[in-house]
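Here's a quick walk through the fold of one model, written for someone who would rather look at it than read tables of numbers.

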Amino acid sequence: MCASVKYGSRGPALIPRMKTKHRVYYIALFSVVLLGLIATGAFQFWPHSIESAAEWSVDRRSVHDAPLVRLPANSPIPERGDLSCRMHTCFNVYSCGYNPKNRIKVYIYPLQRYVDELGTPISSTGLSREYNELLSAISDSDFYTDDVSRACLLVPSIDVLNQNSLRVRETAQALAMLPRWDRGTNHLLFNMLPGGPPDYNTALDVPRDKALLAGGGFSTWTYRQGYDVSIPVYSPLSAEVDLPERPPGPRRYFILSSQTALHREYRGELERLKEENGEAVLLLDKCSNLSQGAVSSRKRCYKSQVFDYPQILQESSFCVVLRGARLGQAILSDVLQAGCVPVILADSYILPFSEVLDWKRASVVIPEDKLPEIYTILKGIPHRQVEEMQRQARWFWDAYFRSMKAIGLTTLQIINDRIYPYAARSYEQWNNPPVVQWSSVNSPLFLPLIPPRSPGFTAVVLTYDRVESLFRVITEISKVPSLAKLLVVWNNQNKSPPEGESRSSSKFKCPECTAIDGLSLDQTHMVERSECINKFASVFGTMPLKVVEHRADPVLYKDDFPEKLKSFPNIGSL
Amino acid sequence: MQAKKRYLALLSAAASLVLLFCLGGVQVPATSSSRGGGGGGGPGRRRHPAAERPWPRFSDPLPSFAPPESHSDAAAEEEAEERGAHSSPRLKRDVNSSVYRARRCRMESCFDFSACERNGFKVYVYPQQKGDKISESYANILSAIEGSRFYTSDPGQACLLVLGLDTLDRDQLSPQYVHNLKGKVQGQPLWNGGRNHLIFNLYSGTWPDYTEDLGFDIGLAMLAKASVGAENFRPGFDVSIPLFSKEHPRAGGERGSLRSNTIPPFRKYVLVFKGKRYLTGIGSDTRNALYHVHNAEDVVLLTTCKHGKDWQKHKDARCDRDNAEYDKYDYREMLHNSTFCLVPRGRRLGSFRFLEALQAACVPVMLSNGWELPFSEVINWNTAAVIGDERLLLQIPSTVRSIHQDKILALRQQTQFLWEAYFSSVEKIVLTTLEIIQDRVFQHTSRSSLMWNSHPGGLFAMPQYSVYLGDFPFYYAQLGVKPYPKFTAVIHAVTPLVSQSQPILKLLTAVAKSHHCAQIIILWNCDKPLPAKHRWPATSVPVIVIEGENKVSSHCCETGGFFLESPVPRSVDFAFTVWQSFPERIVGYPARSHFWDSNKERWGYTSKWTNDYSMVLTGAAIYHRYYHYLYTNYLPASLKNMVDQLANCEDILMNFLVSAVTKLPPIKVTQKKQYKETMMGQSSRASRWADPDHFAQRQTCMNKFASWFGTMPLVHSQMRLDPVLFKDQVSILRKKYRDIERL
């Protein structure tokens, strides 16, 4: 293509000067050259289909220009997902390799449009907005590699987020046609709405060999623990509505149900709950008589009252998230965003990212048949815990539910943690909101140990040049029985420390030592130190020091008791 | 002709030039397109270079994956409803429980929750039949259940049932193997297809393939099994338990071997292993390859071929060399002097080595693909072990060397915590198993991961008390919250004490003055009637009087601490500020000590003034109200009954409990010197203290308690906390707590 442009720019300048009889000759020659060039170009493109396609994706910006791939009717179909797959059986760990950064590399297949033999596309939507966001987030992250040979994980660009828009068999064939498919090894598929009517399977029905599945709505029977990743169902409202974070605290309603497609049985039970508890329970449904133009997905009604959705979620302490036809519900995301504590009633549901998130701290999970009792159960939760959960719910949304990017990168991080478990993110990193991360104290020495006396301690004495006081200190300290070692740090670069003697502390005698100068009496010294404290506090952002009113003394300190029987006699009389 | 030649030359030159451009253009797309881009490209933004942005930004509007109307759940639901295909949720649950059975059992489908909801979480153990022999380990398991608070002797009350038949060893070649278990189990009248049964198993399958089959149909029963593989493990239903030996103690158990933290945390060896090498059969690959990594310096991986009778037959070229090297090192020496310990799979997935390494504070490096680690449902093993991959054996040394020393320090401490919390005795293993199941049954009051994985562990943190972590004394630091700044004073008035009500009222006034006091509860246990209304002092805090009751319900108060009974201390406020710094410990005044009486071979109790102490009397102490709950709900009825009958030792038991939880001594604060005199001064009180029986009883109590705990939990301390300027030579006016020094 570029060739023809170059050629054109040269040609017209030359041709007019030529004689007519040569023109034919020239045209013939040029066309030969042109043909040759086209052939070369084709040769360039043909054998390296992957690289060239990547090249294509850079040049074009419309989905419709993606190369078309026609699936032969008899092209192979992968096997159904193997339920016994685990990382150590179905995942090829060799391709992830050992690297000092402990980070997996993810490759994304270039976009292609798949059609069957009759030219019908395999998916009614093609690439969806959400999947596009997900893939571009991955390609922007440091997980991404464009070198397929270095990749540990491969993500097809075939969008399987919603099984309903897919033709299952053809999608499977398309997967099997991927150049590196290799029975699905190390391939990761993202799916949020699995199954189809009437019985709604809880995992993607597309046969996928050994591929890992990041799925929304797994049940305990389809989820392969430690292999699949349970992800949330993304709610498009996350991007549309900006709900400002509301501080945790009591809300107008206690329990709110805002799902529109509840089964009759559930709705009946909720209505009974409403009758019993009146105002505290708010039961919303979709609006039947909305004026034209209003977005029905953004309104909910109770009888004739109309409420804005999802804003109304912020008005309740607890929000019911009941299973529908599927286990995973997009409303979970809305509820978390509103900082409402989700009450999840979906038996056997594997909660999103449950491998790393501690849902106990952000939700209440109740068996479905306890639905009539939820009021009493929820009333039993201390209000401080409710506030804690409200905060935690919002934080989970902020960190892991907010966007397709968050969902995608969290999924990759979870897989990364499995491959490099010794470098995995900790429970605290996953679960503590920034507030807690700042205020909590996790001591590096957390085991309650009372160390034995035997190894003793090392004394470190810092000194500048006051040799007398140094000697005095050394003399005193060396009397302590538990002293194992004494280290003197000589801070004066202009003067060398006293020779030889400092080797053995016990030799020191210092009869002429005088009292140490009263440094602390010096006013400027105090002012300086106050300034230091202020400076440090401003750098820390808070004052980390704590004030206590106690002091540790030996048990019998200054008690009316014979001194010679005390472990530390005369301790108060220095 | 010449012209033609020239033209030809020119042409070919031009052609090759164009060709070069073209090739160059393909190879360097960035340059070529930026030159020609002005004409060819659209009006869009400047394109990023290829390397930066491999996934294109599409300009065309893309559809959402789930259009709100057409395809949401609502539509699906309606559609289904129309066709009448959508079954009711209740029906769906019933279908689940008939479909998902045996290998696919889950709590929802195979467990009957109704019995548990009626009677709470009670466990019934089948009586042992006369002819049946059971192994020592199984006897320990059963007695641990029988000694626990979950035990019931009435099968009608039971939520969970445990067989009296020994199912631990299902290796047909083993002498412990119970024959015809199938028939025996089916014959049990309560078996009911295995529903709500829990079966313990340590060994299953036999040479050569060691399958995980138990040799009898377990039906709907849950398995608590060692060495279970992820493929056979039913998540949320089975429990993976550790493999433990016959010698594993029933209760108590040894403490972890870490005495103090060393910094930097490196030990003599980096990684060690010493064990058998299987020349053939399952599990041999990994151990056979260990010699590749062995370097005889800091990575010492030793194997021996000697096992079984006919090892000589299979022996390979390396056997003699390996055997010689093997004998050079002592296993225990290596175990305690290595930072990491390799735990490769044996014939079965789990091995004894795992617990040994854990106890020895040697961070286990797991090489056992597919092993569902013990209690993996609740324990986050990444914080205490390095989980390796058998396929990547050769990377193991560089992996463990790459682990930062801070992380090693944390891993090592966590091994000790986990060992002491869940593994050190059969009782702990059994209780942990039961607690895990209880958490599943009562899902909304279950422990969070934080409670399981941080000190003091899931067995001591009972979610039934509160689901809010800040209500426990253990998690303040982790959550970044402070203990509640108020306390409830509980004053216990006992019969002989009150000859006149004066001292009680005096105490009441004194306590009510404290800024931190939220309310006062008086337990009136006297023969005398309550003092007349007008005689009660006016207090700013509510006073609640409960007559004729011995115990305070632990749910009574919203406050942090308790302050019980006793002589009028002038420094309640001081003690309370100290307690706020140590909310998980008992902070009190009079202290006592325990000692080992080697002549009598038993524990002794002393109230002499010594240089250390291990208990403070709870008659005048501040402790977190959670301990009250724990006292009532954690301790077995036998100990509580004993205390009630004696009307003595309650405080000792509380000290035992708190020290067992915290592994730390209580805290003594300054008390007024003439404590003893005050005690003696109260005539009625004196009689109790002077009684020699009283003292002997306390001695007996201590030994009883120690035997129930399986070890002596009390810890000595030499420290007393005094106010900062206590007895310093400064003006009394500068001191905040002046009363303490004043006699």
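In what order do the 6 strands of the open sheet in chain B run? The order is β2-β1-β3-β5-β7-β8 in chain B, with parallel pairing. At the edges sit β2 (151–152) and β8 (239–241) of chain B, each of which pairs on one side only. Strands here are DSSP E runs of at least two residues and helices are H or I runs of at least four, numbered from the N terminus; two strands count as paired if DSSP finds at least two bridges between them.

A word on ground rules: this is a predicted model, where local features need pLDDT of at least 70 and side-chain atom pairs count only at pLDDT 80 or more, while totals for chains, interfaces and linings use all residues. Residues are numbered from 1 along each chain as its sequence is written, chains are lettered from A and ligands numbered from 1 in the order in which they are written, and side-chain values use heavy atoms, leaving out hydrogens and water.

Back to the sheet. Strand β1 (residues 123–125) of chain B pairs with β2(B) in the parallel sense over 2 bridges, and B:V123 stands opposite B:Y151 there.

| Helix | Lies across | Angle |
|---|---|---|
| α7(B), residues 136–146 | β1, β2, β3 and β5 of chain B | about 135 degrees to β1(B) |
| α16(B), residues 426–441 | β1, β3, β5, β7 and β8 of chain B | about 165 degrees to β8(B) |

Elsewhere in chain B, helix α13 (residues 352–359) packs against helix α15 (residues 405–423) at about 120 degrees, with the axes 8 Å apart. On the α13(B) side the contact uses B:L355, B:L358 and B:Q359, and α15(B) brings B:T415, B:Q416, B:W419 and B:F423.

Chain B overall has 26 helices and 24 strands. Of its 743 residues, 55% are buried, meaning under 20% relative accessible area with a 1.4 Å probe, counting protein chains only.

Over in chain A, strand β8 (residues 253–257) has 5 of its 5 residues buried, so it is largely enclosed by the rest of the structure. This β8(A) pairs in the parallel sense with strand β12 (residues 316–322) of chain A over 3 bridges, where A:Y253 has A:S316 as its bridge partner. Another 3 bridges join β8(A) to strand β9 (residues 281–283) of chain A, also parallel, with A:L256 opposite A:L282.

How values were computed: Contact means heavy atoms within 4.5 Å. Axes are lines fitted to C-alpha atoms, for helices over the stretch in contact, and angles run from 0 to 180 degrees between N-to-C directions. Buried means under 20% relative accessible area, exposed over 50%, partly exposed in between (1.4 Å probe, protein chains only).
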